[in-house]
Each structure stands twice: as C-alpha cells, then as structure tokens.
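Happy to walk through this one with you. Let's take the labels one by one and ask what stands behind each.

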Amino acid sequence: MPSASGLRFRVVGSGSSGNATLVEAAGTRLLIDAGLGPRELAERLQSLGVDPASLEAIVLSHEHNDHAKGAASFSRKWGVKLIGTRGTYSAAGFGAVEIASYQVLEPDVPFQVGALELRGIPIPHDAAAPVAFVLSHGGASLGHATDLGHLNRAVLDGFRGLDALLIESNYDSEMLRNGPYPWSLKERILSPRGHLSNADVARYLGQGLGESCRTVVLAHLSQKNNHPEVARMSAESALARRGRTEVQLEVSSREGTGWLELALEPEPAAAVPRQMRLF
Ligand SMILES: [Zn+2]
Ligand SMILES: [Zn+2]
C-alpha cells in the first residue's frame, strides 16, 4: 500500500484570471505565484481555513500579471516574503514598492523553505527569467510548470522521478488558430517561448512522464482557446496509449482543485530474497 508522504497541494487559481498553487508539508505552507488580487487571494485561502499570514513564502515563477499581480500587496499586508529570480524582481518592479522581503532564487540551486526543498529550473517563456519548480519533502516530489513554450532539456531532466506534476495545458491548436485573438498574439502563444498546447502535453505524457508519477494536474487552460474536456481527453488518451491508466488526472478550473496528496510507493521487495540467499 502506498503511504502518505506528508506533501500535498491544491490549485487556488488557474488561467489568465490569476494563478496560485498552495503547497503544504509538515507545517510549512507556501504559495507558488500570486496572480490574483491580494484580497481575492486572501479570501480564497481563508475559505480553505488557511491564515494568509501563516504562509512561509510566495515563490514566483515569473513577473507576468497573472502570476505576480497580487504578490507585492499580499507580501506587505500579511508579512510574507517573496522568493524569485533576479530577473523577476526587476521586471516586476519590486524595488519600487514596499514588500516584506525578497529572497533571490538562483536557478538550479536547491533551497529550503521550512520543511520543503525547492529548485527553480529555467524555462523558455517571454519573461525576464522564468522558472519551473521541483518541490520535495519526505522522499516525494512535485513538479510545477506553467507558462513555457516548450519542454526544454532542463525541465525534462529536472522532472525525472516526480511523484506528481502540475503542467500548463494552455490551448488547443485548432481553437487557437481559428479563435478571436489577433495574429500577433497567436504567434506569441504558439512560439517556443509562449505556452504549451494540449498536444505538447500529450506528447510529454505519452513519452516523457516518469514511471513514478501518479498524479497529473492540467492547469492554466485558456478560456478562449481551450476547453477542459478537450484538454482532458487529449491527456487521457495519451496516458491510455501508454497503459498509464493508474495516473490520477485532474483538470484545474479557474477556481482551482481540491487537495492532492502525494503518496510514496513502498520500497521494492527485491532485497529480501537476495539477502536470504546468504543463509
Ligand atoms: Zn500565465
Ligand atoms: Zn507568462
């Protein structure tokens, strides 16, 4: 039987109206991104029984509004430190506003936030210095990647051995091409520094997803260029083709998901017969 790792997460906002993911382990709570207005974000946390001031940090993936809009005011009001790259700090203009504090995240260098170990992985997106994250606790790890134009080598390597994955499934290519956006914006989204499509995610689930990964959350779905059922079917059939029907697949709504707990697989029993041969 898989046992609980103590690491759990839930999306509290997803998509262009604002992104935030709550992660908890052994009494440590943090948010990845604060793209909702500060009041809205505090209310959503409070409705989950989470005191906003109890957050250890807000870790930022990049400076775009839908990820960082509420960060400065929330940090100031609730005394929560921000963590992000130097590029995010400059591009978000945190030097010009009052915030509790800012801790610089060096990409590829692991750091600790309470009981959680984190690592930022540089990703291709049209922002100053955007990162995806691997968060680990108690032998379990969660990968978190929103806003990236393609899955670069650094992410593919960094995401090996995950137990759970949150990944953006931003658009359906047909819906985007035929949709209402001006061509310049379509080009930006489609570019290698734009966003991941349902097909990009399906390809990864079909070929790259590690065997240990049991939970996949599709997030940051475009309201105009995607539909939750279209994204789900695309991911589901990719997993089914690979025989990975044990994977729990969630599609986040704009309001988020429920709690998702990371389980640990028991150690393989192979060591026992080998040891018995000694006698
Ligand atoms: Zn975004
Ligand atoms: Zn972005």
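Q: What share of the 279 residues in the protein chain is buried, and what makes a residue count as buried?
A: Buried residues make up 50% of the 279 residues. The label goes to a residue with under 20% relative accessible area. Do keep in mind that this is a predicted model.

Q: How do you know whether the radius of gyration of the protein chain agrees with that of a compact globule?
A: Set the value against the rule: for 279 residues a compact globule would have a radius of gyration near 19 Å, and the protein chain has 19 Å, so the two agree. As for extent, the C-alpha atoms fill a box of roughly 70 × 45 × 35 Å along the principal axes. The chain has 10 helices and 14 strands. Among its contacts with a separation of 6 or more, 64% come from residues 24 or more positions apart.

Q: Why is α1 called oblique to α3?
A: Helix α1 (residues 38–47) and helix α3 (residues 71–78) pack at an angle of about 60°, their axes being 8 Å apart. That angle makes α1 oblique to α3, because roughly parallel needs under 35 degrees and roughly perpendicular starts at 65.

Q: Which residues of α1 and α3 meet, and of what class are they?
A: From α1 come P38, L41, A42, L45 and Q46, and they meet S73, F74 and W78 of α3. By class, this contact has six nonpolar residues, two polar and no charged.

Q: Which residue bridges the zinc ion (ligand 1) and the zinc ion (ligand 2)?
A: D147 does, and the two ions lie 3.7 Å apart.

Q: Which residues of helix α8 are buried, and what do they pack against?
A: In α8 (residues 198–207) the buried residues are N198, D200, V201, A202, Y204 and L205. They pack against α5, β11 (164–168), β12 (215–219) and α9 (228–241).

Conventions: Residues are numbered from 1 along each chain as its sequence is written. Chains are lettered from A and ligands numbered from 1 in the order in which they are written. This is a predicted model: local features need pLDDT of at least 70, side-chain atom pairs count only at pLDDT 80 or more; totals for chains, interfaces and linings use all residues. Side-chain values use heavy atoms; hydrogens and water are left out. Donors are N, O and S atoms within 2.8 Å of the metal (3.2 Å for Na, K and Ca); water is not among the atoms, so sites may look incomplete. Axes are lines fitted to C-alpha atoms, for helices over the stretch in contact, and angles run from 0 to 180 degrees between N-to-C directions. Helices (H or I, at least four residues) and strands (E, at least two) are DSSP runs, numbered from the N terminus. Angles under 35 degrees count as roughly parallel, over 145 as roughly antiparallel, 65 to 115 as roughly perpendicular and the rest as oblique. Contact means heavy atoms within 4.5 Å. Ala, Val, Leu, Ile, Met, Phe, Trp, Tyr, Cys and Pro count as nonpolar, Asp, Glu, Lys and Arg as charged, and the others, Gly among them, as polar. Buried means under 20% relative accessible area, exposed over 50%, partly exposed in between (1.4 Å probe, protein chains only). The radius of gyration is taken over C-alpha atoms; the globule rule is 2.2 Å times the number of residues to the power 0.38.
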